[in-house]
Amino acid sequence: LITSREPVHAGHRAVVRLEVEPPTVAEQEQLWRAALGPLAAQANGAVERVVTQFRLSAPAIRAASLAAARAGAADLPGALWAACSAQAQPKLEQLAQRLEPSATGWDDLVLPEQERGFLRDLVAQVRQRRKVYEEWGFATKSRNGLGVSALFAGPSGTGKTMAAEILARVLELQLYRIDLSQVVSKFIGETEKNLRRVFDAADEGGAILLFDEADALFGKRSEVKDSHDRFANIEVGYLLQRMETYRGLAILTTNMRDGLDAAFLRRIRFVVQFPFPAAAHRAEIWRRIFPAATPTAGLDVQKLSRLHVAGGSIRNIALNAAFLAAEAGEPVRMAHLLRAAQSEVAKQDRTLGEAEMREWR
């Protein structure tokens, strides 16, 4: 007996091949109920929830059931989810960075209401996949495109990565940012192999994949002028195929939406635009930027909102001002924020304009 991911060729010897597919959703439910035994009746829908998100093997299901059983029936749903997360943790250490969400919830994200609505719709699709695909029969129409993909587009510092962290927090899933320096290879065929490892590991582990600066990997296919162009187009074509078959949540972020291949945009389920924040949104970010324990004095949110900077820069200014105030032994004041703002905009090769500084002093 030989087990292998790929078919094995044994020369002239006769070989009987058996295709062993991963357990279906119905089979996974049977495995869970058998492994949980009497506790299955007390799961209160937890089995259906974990089957929707995780694709565990039979041994992993038995191990997760044992771990959850130690918690008893009192917190069985939470224990089941935690045990599945531990069993399904993707082996992506060399190709991706696991992000621990710093955002705690929706209140940390300042966006126009329409864009916030798109994100909530995205959460609903991840949670209700089993009902729509399996119970309502949409999976019988096509086995491709059963995952959820989203493109977050907008200038740097407008909250794209924070939104991905909030989704991971709300959905209670692990978030992995793909390391393009490890995935993309100059050797022919290696990039596809690395991408396959990423998607396979994430598919089994129920993780959220975050492709930051996705235009570097998902760029437009070009006219073939030499072998480099041909193999670059093959990589994009492979990504198109793999995105179609991936069953989890994949998030792409980009500062240049026009740089993405048009075929990708057609296959993306959600496109969420992260606009440069207007003055009212900047004011709201300033109201929330300082932790409750930070001492402040005399801060004028309306004046601060005139600073023409995105949310990422606002965070930098607030943090640098806090260090200035701590060194001076004072609460954070407008003078500290002014100095920090001047330093921040200098990184962008500009100075503070008159409209931004009106009545500041």
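Okay, let's start with aspartate 349, which counts as exposed at 75% relative accessibility; exposed here means over 50% relative accessible area, buried under 20% and partly exposed in between, with a 1.4 Å probe and protein chains only. Before I go on, this is a predicted model, where local features need pLDDT of at least 70, side-chain atom pairs count only at pLDDT 80 or more, and totals for chains, interfaces and linings use all residues. Residues are numbered from 1 along each chain as its sequence is written, and side-chain values use heavy atoms, with hydrogens and water left out.

Back to aspartate 349. You'll find aspartate 349 in the loop between helix 15 (334-346) and helix 16 (354-357); helices are DSSP runs of H or I with at least four residues, strands are runs of E with at least two, and both are numbered from the N terminus. Its phi is positive, about 60°, although it is not a glycine. Most residues other than glycine have a negative phi. Glutamate 172 also has a positive phi, near 60°, and isn't glycine either. Glutamate 172 sits in the loop between helix 7 (160-171) and strand 3 (175-178), and at 43% relative accessibility it counts as partly exposed.

Now the rings. How many aromatic pairs does the structure hold? Three, where a pair means Phe, Tyr or Trp rings (the six-membered one for Trp) with centres within 6.5 Å, and planes under 30 degrees apart are stacked, over 60 edge-to-face and the rest tilted. Take phenylalanine 54 and tryptophan 81: the ring centres are 5.0 Å apart and the planes are at 65°, so that pair is edge-to-face. The pair links distant parts of the chain, 27 residues apart, with phenylalanine 54 in the loop between helix 2 (46-53) and helix 3 (58-69) and tryptophan 81 in helix 4 (residues 76-87). Phenylalanine 54 is buried at 2% relative accessible area, and tryptophan 81 is buried at 7%.

To count, NZ of Lys or CZ of Arg must be within 6 Å of the ring centre and within 35 degrees of the ring normal. Arginine 120 does likewise over tryptophan 106, at 4.6 Å from the ring centre.

Last stop, valine 16. That's in the segment before helix 1 (25-36), and valine 16 is exposed at 75% relative accessibility.
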